[in-house]
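I set down here, in the order of looking up, my notes on one chain.

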Amino acid sequence: MKHTSKRGFAATLIALLIFAAEGVYASVDLQTTPSGCHLNWTATEGAVFYDIYVDNQFVNRLDSNAREYEIRALPPGEYDLAFAARDGENNTLSSDFKTFSPTGWDGIYSWTNTTDVTNKGKLTELVLRAETVVDDVYGAYISLYMIEGEEEYRIFPLFDLDSPPVGWTEYKADTPQAEAYRRNAEKFNTSPFTPSSWRVESITLDYENPTVTVETKALGFAVDTTVTYNFFVDENGKRNIRIMMDGSGIVRNFLLYNPEEGSDGSYILSEV
């Protein structure tokens with residue numbers, strides 16, 4: 001969502017107040033999240049709709065039964081929120097206005113392997129750095145870097161969005177993208193086979209759930225591996241990344257899912 005001017009937001013406030021009945025104000029409870037906010041409110045008598053705006057941009061119209069709403073996928077910054085309860089003729093019955101400032105998901109996250117299942121010592125820990133990128137074309141998305149010692153490698157996205165590679169990349173190619181792919185893939189690949197080449201089939205730049213699908217060739221076979229990085233806040237208010245993997249065909253047998261007892265196979269990296 002693009003951040004608009006204060007002048008535009010002021011116009012929204014004026015419009016809401018002009019149509020408000022006797023200046024009645026709704027009571028909206030706002031809790032800021034890393035990439036948005038969570039709203040709760042009490043019912044307004046006679047309301048048929050509840051309208052929500054952020055920075056003078058319409059977000060959603062909810063019916064009279066709604067009592068909460070989640071605004072998500074906003075990059076760090078300061079935002080103005082306008083909330084209006086409206087009747088069936090679109091008259092504003094009550095309204096509320098608030099400011100919120102999400103801080104984003106930027107930071108370092110880590111997971112330590114407490115088991116003996118380490119893929120021959122390749123997977124003793126995972127350390128990632130998340131960085132928000134705001135692009136004029138693609139909007140806000142997160143770049144992820146794998147940290148190993150004093151070095152880091154960008155693993156998402158694996159290529160610059162304005163110059164994607166054409167065709168296949170050799171597994172042993174001497175490029176930053178190939179090096180990052182090898183460093184990351186070797187941690188989870190338990191097969192005795194070395195891939196010959198790979199290519200990115202698709203990526204999703206969702207600010208909270210970025211996803212990539214990579215097709216890999218080995219021994220004449222081509223398989224897909226999909227990885228989703230889910231950003232969330234746990235019950236203690238701590239930020240986390242959940243890494244979920246899935247593969248096509250035989251690749252599922254050679255992916256090292258989280259070996260810890262009680263795990264669902266995904267890796268949970270907590271902010272450091």
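This is a predicted model: local features need pLDDT of at least 70, side-chain atom pairs count only at pLDDT 80 or more; totals for chains, interfaces and linings use all residues.

N90 sits in the loop between β6 and β7 (92-100). I noted that its phi is positive, about 75°, although N90 is not a glycine.

I then turned to A73, where phi is near 65°, again a positive value in a residue other than glycine. The loop between β5 (68-71) and β6 (79-86) holds A73. With a relative accessible area of 24%, A73 is partly exposed.

Which two residues does a cis peptide bond join? I found F156 and P157, with omega at about -15°. P157 belongs to the loop between β11 (151-156) and β12 (169-170).

Entry 2, overall form. I recorded two helices and 17 strands as the secondary structure of the chain. The radius of gyration is 23 Å, well over the 19 Å given by the globule rule for 272 residues, so the chain is more spread out than a compact globule. I read the spans of the C-alpha trace along its principal axes as about 75 × 40 × 35 Å. Of the 272 residues in the chain, 44% are buried. I also took the contacts between residues at least 6 apart in sequence, and 55% of them join residues at least 24 apart.

I located T112 in strand β8 (residues 107-112). Not counting residues up to four places away in sequence, T112 touches T124, E125 and E260.

K122 I placed in the loop between β8 and β9. Its relative accessible area is 40%, and K122 is partly exposed. Which residues does K122 contact, leaving aside its neighbours within four places in sequence? I found E186 and K187. The C-alpha atoms of K122 and N189 are 9.6 Å apart, although the two residues are separated by 67 residues along the chain.

I examined α2 (176-188), a helix of 13 residues. From its first C-alpha to its last, α2 reaches 19 Å, close to the 18 Å expected at 1.5 Å a residue. I listed its buried residues as A178, A180, Y181, R182, N184, K187 and F188. As background I noted that an α-helix has 3.6 residues a turn, so residues three or four places apart point the same way.

How much space lies in the largest pocket? I recorded about 670 Å³. Its lining has 31 residues, and those nearest the centre are Y181, N189, T216, T225 and V251. Two or more lining residues come from each of β9 (125-135), α2 (176-188), β14 (211-218), β15 (221-233) and β16 (239-247). I found that β15 gives the most, with six residues. By class, I counted 25 nonpolar, five polar and one charged residue in the lining. I noted Y181 in particular, which is listed among the buried residues of α2 and also among the residues nearest the centre of the largest pocket.

Note on methods. Residues are numbered from 1 along each chain as its sequence is written. Side-chain values use heavy atoms; hydrogens and water are left out. On a 1 Å grid over the protein atoms alone, a cavity is a set of points where a 1.4 Å probe fits but cannot get out, and a pocket is an open set with protein on both sides within 12 Å along at least five of seven lines; lining residues have an atom within 4 Å of a point. Grid points are joined across faces, edges and corners, and a volume is the space filled by probe spheres set on the points. Helices (H or I, at least four residues) and strands (E, at least two) are DSSP runs, numbered from the N terminus. Ala, Val, Leu, Ile, Met, Phe, Trp, Tyr, Cys and Pro count as nonpolar, Asp, Glu, Lys and Arg as charged, and the others, Gly among them, as polar. The expected span of a helix is 1.5 Å times one less than its number of residues. Buried means under 20% relative accessible area, exposed over 50%, partly exposed in between (1.4 Å probe, protein chains only). The radius of gyration is taken over C-alpha atoms; the globule rule is 2.2 Å times the number of residues to the power 0.38. Contact means heavy atoms within 4.5 Å.
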